[in-house]
Amino acid sequence: MKKLSVIAAALLLFASVPLSLSASTEATAISLPSDKPKPVESPENTALINRLDEIKAMDKSEMTSAEKKELRNEAKETKKNLRLGGGVYLSAGALVLIIVLLIVLL
């Protein structure tokens, strides 16, 4: 029983020390397949990219807030349509937890 509590305390110590040292709150993107799909060069994608460039080049200083909001929403939707795959996102804490569990179980 004492041995089990020592092992549990050691695991807790090892799990908490790297988190406090790194202090990273950013998510790490991990893509499971080794090769990422490349965006297809199609007329639709080219048109969407051109529209994003037009939105970026616009003079927004004379627009109303409603017009600016519409442009932001349009840009978000366009970017969402251009994305492929996305991948799996794991935080640093989840990554450490998975590694510790794998070490313990294997």
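Biologist: So which hand is the crossing of H2 and H3, left or right?
Modeller: In this predicted model, helix H2 passes helix H3 in a left-handed crossing.

Biologist: And at what angle do the two axes cross?
Modeller: The axes of H2, which covers residues 43–57, and H3, which covers residues 65–82, cross at roughly 150° and come within 10 Å. Angles over 145 degrees count as roughly antiparallel, so H2 is roughly antiparallel to H3.

Biologist: Why give me both an angle and a distance?
Modeller: Because two packed helices are described by the angle between their axes together with the distance between those axes.

Biologist: Okay, which residues make the contact?
Modeller: On the H2 side the contact is made by Asn45, Leu48, Ile49, Arg51, Leu52 and Ile55, while H3 brings Leu71, Glu74, Ala75, Thr78, Lys79, Asn81 and Leu82. Sorted by class, the contact of H2 with H3 has seven nonpolar, three polar and three charged residues.

Biologist: Let me pick on threonine 78: is it buried or exposed?
Modeller: Threonine 78, which has its place in helix H3, has a relative accessible area of 7%, and because anything under 20% counts as buried, threonine 78 is buried.

Biologist: What does its side chain reach, then?
Modeller: The side chain of threonine 78 reaches the backbone oxygen of glutamate 74 at 2.7 Å. If we leave aside neighbours within four places in sequence, threonine 78 is in contact with Leu48 and Leu52.

Biologist: How far is leucine 52 from leucine 71?
Modeller: Going from C-alpha to C-alpha, leucine 52 and leucine 71 are 9.7 Å apart in space, and they are 19 residues apart in sequence.

Biologist: And leucine 71, what does that one touch?
Modeller: Leucine 71 is found in helix H3, and, not counting residues up to four places away in sequence, it touches Arg51, Ile55, Met58, Lys60 and Met63. Leucine 71 is buried, with a relative accessible area of 10%.

Biologist: Changing topic, how many helices and strands are there in the protein?
Modeller: There are four helices and two strands, and read along the sequence they follow the pattern α-β-α-α-β-α.

Biologist: What share of the protein's residues is buried?
Modeller: Of its 106 residues, 8% count as buried.

Biologist: Last one: among contacts between residues at least 6 apart, what share joins residues at least 24 apart?
Modeller: Among those contacts, the share that joins residues at least 24 apart in sequence is 72%.

Technical notes
Residues are numbered from 1 along each chain as its sequence is written. This is a predicted model: local features need pLDDT of at least 70, side-chain atom pairs count only at pLDDT 80 or more; totals for chains, interfaces and linings use all residues. Side-chain values use heavy atoms; hydrogens and water are left out. Axes are lines fitted to C-alpha atoms, for helices over the stretch in contact, and angles run from 0 to 180 degrees between N-to-C directions. Angles under 35 degrees count as roughly parallel, over 145 as roughly antiparallel, 65 to 115 as roughly perpendicular and the rest as oblique. A crossing is left-handed if the near helix is turned anticlockwise from the far one by less than a right angle, and right-handed if clockwise. Contact means heavy atoms within 4.5 Å. Ala, Val, Leu, Ile, Met, Phe, Trp, Tyr, Cys and Pro count as nonpolar, Asp, Glu, Lys and Arg as charged, and the others, Gly among them, as polar. Buried means under 20% relative accessible area, exposed over 50%, partly exposed in between (1.4 Å probe, protein chains only). A polar contact is a pair of N or O atoms within 3.5 Å; within protein, one must be able to donate a hydrogen and the other to accept it, and residues adjacent in sequence count only if both atoms are side-chain atoms.
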